[in-house]
Amino acid sequence: MGSFKPLVFSGVQPTGNLHLGNYLGAIRKFVALQESHDCIYCVVDLHAITAQLVHDDMATQIRSIAAAFIASGIDPQKHIVFNQSAVPQHAELAWIFNCVARIGWMNRMTQFKDKAGKDRENASLGLLAYPSLMAADILVYRATHVPVGEDQKQHLELTRDIAQKFNIDFQRRIEMTGHAVEMVVGEEHINGYFPLTEPLIEGPAPRVMSLRDGTRKMSKSDPSDLSRINLMDDIDTIAKKIRKAKTDPDALPSEVEGLADRPEADNLVGIYAALLEKSKADVLAEFGGRQFSEFKPALAELAVSVLAPVNAEMRRLMSDTSQIDAILHDGADRARVLAEKTMADVREIIGFI
Ligand code: AQP
C-alpha cells in the first residue's frame with residue numbers, strides 16, 4: 001500500500017476579466033508552487049455555465065485565462081494547463097459525487113446562496129451541484145493540495161467531506177479491489193482511495209476587496225468595472241481606477257491596528273503590500289501619516305510595474321491563439337491519461353462493468 005504523492009490542482013473560471021484578486025489570491029501562488037510540486041492548472045469552463053448558461057465569447061475567455069497562466073509564469077511543459085470540458089472524466093466523477101454528497105451540504109454553501117440570490121428555485125441545478133464538480137476536478141487527479149483564495153475555503157471543506165464519505169461508503173470494496181492508500185489524518189492512520197485534500201489559502205492576499213466597497217470581494221462578475229483592476233487593463237485605466245477607488249478622508253495610520261474599521265484603507269494597503277511581497281506593517285512604516293492623495297499614485301505605479309509585463313505577454317499570446325490552443329490540447333491529452341486511470345479504479349470500486 002503506497003501513500004499519496006503530493007500534487008497541486010487548481011482552477012479558474014472563464015467568466016470574465018481576470019482581476020488583481022484572482023492574480024494575487026490564486027495565480028501568483030500557482031506560479032510559486034511549480035518550483036516544489038507537480039501542478040495541474042485548469043480553466044474550469046464547465047463551472048462557467050452554472051451561473052450563466054450562454055456566453056458568446058466563451059472560447060476567447062477560455063484562451064484568455066490560459067494566456068494569463070502562461071503570461072504569469074506557469075510552465076505548461078513541466079506542468080499541465082488545460083480546459084476542463086476537454087477531459088470528460090471530470091463530469092463523470094462529478095456525477096458519482098452528486099450521489100455521494102447530500103443536498104443539505106450543497107444548500108449550506110454560502111457561494112450558492114450569494115449567487116442564487118433570492119430566487120433560489122430558479123437557479124440552475126448545476127449552480128447547486130458546483131462544489132461536487134469542484135471536488136471531482138481535484139480528486140480525479142487525487143490532488144493533495146489546492147491553492148485558492150479565501151472564498152473557496154468552504155468548497156474545499158466539502159471536497160474533503162465528499163472524499164471521506166466515498167472512502168467510508170466504499171471502504172470494503174476499496175480494500176477488496178486493492179485500491180486502498182494509507183494516509184495520516186491528525187494522529188490516525190486511515191485507508192481510503194481519495195486523499196483529504198489540503199487547501200493552501202495563506203498568502204499575502206487571500207481576499208482582495210472591491211475598489212468601490214471594501215466589504216465586498218473583488219469579483220469578475222461585479223457589474224462595476226471600476227470595482228476591480230483587470231489583468232488586461234492598460235496603464236491609464238489602472239491609474240484611473242486607483243484614483244477613483246473609494247477611501248475615507250483620514251490619513252493612513254502608522255500601525256496596522258489603525259486599519260480596523262477602515263475596510264477601504266485596509267484593502268489598498270493590503271494590495272500594496274501583496275504587490276510588493278511585504279507586510280502591511282512595512283507599508284505603513286513608509287506611508288503612515290500620509291494622505292491617500294500621495295498613496296494612490298504610488299500604488300498605481302506599483303500595480304502598473306507588476307501587471308504591465310503580464311498584460312503585454314497576455315496580449316501577445318491572444319494576438320495569435322495557435323500557441324495557446326496547442327498548449328491546451330497537449331495539456332488535455334496529458335490530463336486525460338491521469339484522469340482515466342482514476343476513473344478506471346473508481347468504476348472498478350463501484351462495480352461498473
Ligand atoms: N477577491 C479575491 N481575492 C483573492 N482571491 C480571489 N479569487 C477570486 N476572487 C478573489 C480566487 O481566484 C481563483 C479563481 O476564482 P474563480 O474564477 O474560480 O471564481 P471566483 O472565486 O468565484 O472568482 P470571481 O472573480 O469572484 O469570479 P465570479 O465573479 O465569476 O464568481 C480562486 O482560487 C478564488 O479563490
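In the predicted model, the interface between domain 1 and domain 2 buries about 1,700 Å², and carbon and sulfur atoms contribute 71% of that area. According to the domain assignment of the protein chain, domain 1 comprises residues 8-204 together with 320-350, whereas domain 2 spans residues 225-318. The C-alpha centres of domain 1 and domain 2 are separated by 30 Å. Domain 1 supplies 20 residues to the contact, and domain 2 supplies 17 residues. Between domain 1 and domain 2, one salt bridge is counted.

Salt bridges were also examined across the model. A search of the whole structure returns 20 salt bridges. One pairs R347 with E92, with 2.9 Å between the closest N and O atoms. Because R347 belongs to helix α14 (residues 322-350) and E92 to helix α4 (residues 89-100), this pair ties together parts that lie 255 residues apart in sequence. A further salt bridge joins the side chains of E277 and R28, with an N to O distance of 3.9 Å.

Helix packing was then considered, beginning with the pair α11 and α13. The axes of helix α11 (residues 263-276) and α13 approach within 10 Å and cross at roughly 35 degrees. The crossing of α11 past α13 is left-handed. From α11, the contact draws on A265, L268, V269, I271, Y272, L275 and L276, and these face F292, F295, K296, A298, L299, L302, A303 and V306 of α13. Classified by residue type, the contact of α11 with α13 contains 14 nonpolar residues, no polar residues and one charged residue.

Helix α13 (residues 292-319) also packs with helix α10 (residues 235-244), at an angle of about 145 degrees and with the two axes 9 Å apart. Here α10 passes α13 in a right-handed crossing. On the α10 side, the residues in contact are I235, I238, A239, I242, R243 and K244, while α13 contributes K296, L299, A300, A303, V304 and L307. The contact of α10 with α13 comprises nine nonpolar residues and three charged residues, with no polar residues. Among the residues of α13, K296, L299 and A303 take part in the contact with α10 and also in the contact with α11.

Technical notes
Residues numbered from 1 in each chain as written. Predicted model: local features only at pLDDT ≥ 70, side-chain atom pairs only at ≥ 80, totals over all residues. Heavy atoms only, no water. Axes fitted to C-alpha atoms, helices over the stretch in contact; angles between N-to-C directions. Helix = DSSP H or I, 4+ residues; strand = E, 2+ residues; numbered from the N terminus. Left-handed = near helix turned anticlockwise from the far one by under 90°. Contact = heavy atoms within 4.5 Å. Nonpolar A, V, L, I, M, F, W, Y, C, P; charged D, E, K, R; others polar. Domains from an automatic or database assignment. Buried area = accessible area lost by both parts, 1.4 Å probe. Salt bridge = Lys/Arg side-chain N within 4 Å of Asp/Glu carboxyl O.
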